[in-house]
Amino acid sequence: MRRRSTGQRFAVGLVCSLMLGALSPRPARTASELVVRLDGMDLPLSINDLGGWLRGEERGSSELSVWLNLLEEESRQGVIDLLKAPLINDRSMARQILNSWAGRRLLDQVSDLVMVDDDATGQTVQVTLESLLDKRAQVTTLDLLEALPAKRIRLDLDALLPVASSWRRQLQRQQALVKTLNQLPVSSITQRADPADQSESASDRTLQRLTLPVEHRAQPLQIQLWRPLTADGRERSHWLVLMPGLGGSPDHFRWLGRALSRQGWPVLLLEHPGSDAIAVQALLEGRLPPPDAEVLPDRLRDLDAVLAAHQRGFFKLPGTRLVLGGHSLGALTALLAAGAGPEPGLGRRCGQDLDDLPISNLSRLLQCQIEEVPLPAVRPPKQLAAVVGLNSFGSLLWPQKIPLPRDVAVFLSGGTLDLITPPLSEQLGLLRSLPANPATRAVLVEGASHFSPVRVEGQSGGGQGEDVFQLGEELVGVQPLRVQAQLEREIVRFLLDLELDRVPGIVQGGVEHLQVGDLHVHRLNQSGAERFLD
């Protein structure tokens, strides 16, 4: 009996922090009772007693205190820490997030689990949080519980169980993917895993910073142009346009522009005002809401303006065949610009998917917002040869078929630590949905994350730098510079296959397991992806 009580009490504290912490009042009476629905039973808890116990005022006098004091010391301290931990540290940024599209959708879904009296919309919680933020810089879970103007707060753990089960299944499938890939025999071992020498003093002489006036923006676009160096005495027939992800900057991908220019390919790196590093800084300072799918129309217009300028001879680039690419949202922009409109029924698919609170695949929130964003009409660019997508996504947009021309090859990459665009549902799901093309492939790097391709100034093995990202290993993943070096080699291999019209050979039933130093890398073609997808 004690074990069951310990688990239930700890679950209450944990779920309160996780669920209520995802949201952001009306001065009135405050809630006095928290009712937890669990196993078909209602467990009433006094919020006053909970607060008193937490502050050490009634550790032995109330019935609640008796039960909480039965917890093992570690579990009891966990409940205390969860209830006292700040839900919000920055009031300005919190307000911007809470009033964003994603914040409203999360609030709507959480309201099915947490109900304040008869309010099924979640507005009472949001208004209460905003009122608290007027008075203090930090708000804890207990602050929110004690301030809610309601007689009763209901926390439905029974309704949470299917959601938790869905999360668990997704994580188990991801773990099974990694385990299966690891069990494949290693087909190639390369000792050298360090990044190639990229002396900036020598290579950056090929970099030009250009401004391009465009009709749809008040200010001109900022573009990095990496002019090609002679490689193997041959002029490449392809040129590339690369786009950073949401909150990204061209400087984050200078490493790739530099590397490809040294191999002979001209590269344009685009800035997207409104969804770049400056926009993230404005969010952190509480001046603007987070950029989201509403930036896609301007991103597509940016790209269209750049391609039109190329047609006019503005850049004076060699090469006739175009390769569009990018990271995350930049990769999605490339696929949309290539003519891949979403499959019909996105609203229905999102209605089902968002019921599960997409914590283990955050890209689905952004995909579902596209249903409400009027995208401009696009025509696939002339001479489009390929799309390169780093940590790409689109499983809800294209669950069955991505409408690209068959002669457009696609390169996708991902990391096994990516929970923003997890490779099983996103990169491998996209790979299966693409038209059959022998050059199309995906590359998965073990230990890499969603942000592994992002290089910030002064980045070391841990990923720190003078940048708004300030990424640590928990976000960047392991050995980001080595991951970037391997991505460089894989992209060069893909582009050379295009140049030479060469069909790559991938063994082991469509999956190839490589060991590069201590990195494990997996190449998959479309038949290989089928092995891991239901």
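**Exercise 1. Is the crossing of H13 and H14 left-handed or right-handed?**

The model is predicted: local features need pLDDT of at least 70, side-chain atom pairs count only at pLDDT 80 or more, and totals for chains, interfaces and linings use all residues. Residues are numbered from 1 along each chain as its sequence is written, and side-chain values use heavy atoms, with hydrogens and water left out.

Step 1. Find the helices. Helices are DSSP runs (H or I, at least four residues) and strands are too (E, at least two), numbered from the N terminus. H13 covers residues 296–311 and H14 covers residues 329–337.

Step 2. Take the angle. The two helices pack at about 65°, with axes 10 Å apart. Axes are lines fitted to C-alpha atoms, for helices over the stretch in contact; angles run from 0 to 180 degrees between N-to-C directions. H13 is therefore roughly perpendicular to H14. The cut-offs are under 35 degrees for roughly parallel, over 145 for roughly antiparallel, 65 to 115 for roughly perpendicular, and oblique for the rest.

Step 3. The crossing is right-handed. In a right-handed crossing the near helix is turned clockwise from the far one by less than a right angle; anticlockwise is left-handed.

**Exercise 2. Name the residues of H13 that meet H14.**

Step 1. Contact means heavy atoms within 4.5 Å.

Step 2. From H13 come Leu-296, Arg-299, Leu-300 and Leu-303. They meet Leu-329, Gly-330, Leu-332, Thr-333, Leu-336 and Ala-337 in H14.

**Exercise 3. Explain why helix H2 counts as largely enclosed.**

Step 1. Buried means under 20% relative accessible area, exposed over 50%, partly exposed in between (1.4 Å probe, protein chains only).

Step 2. List the buried residues of H2: Ile-47, Leu-50, Gly-51, Gly-52, Trp-53 and Leu-54.

Step 3. Conclude. Six of the eight residues of H2 (residues 47–54) are buried, so the rest of the structure largely encloses this helix. Just after H2, Gly-56 takes a positive phi of about 80°.
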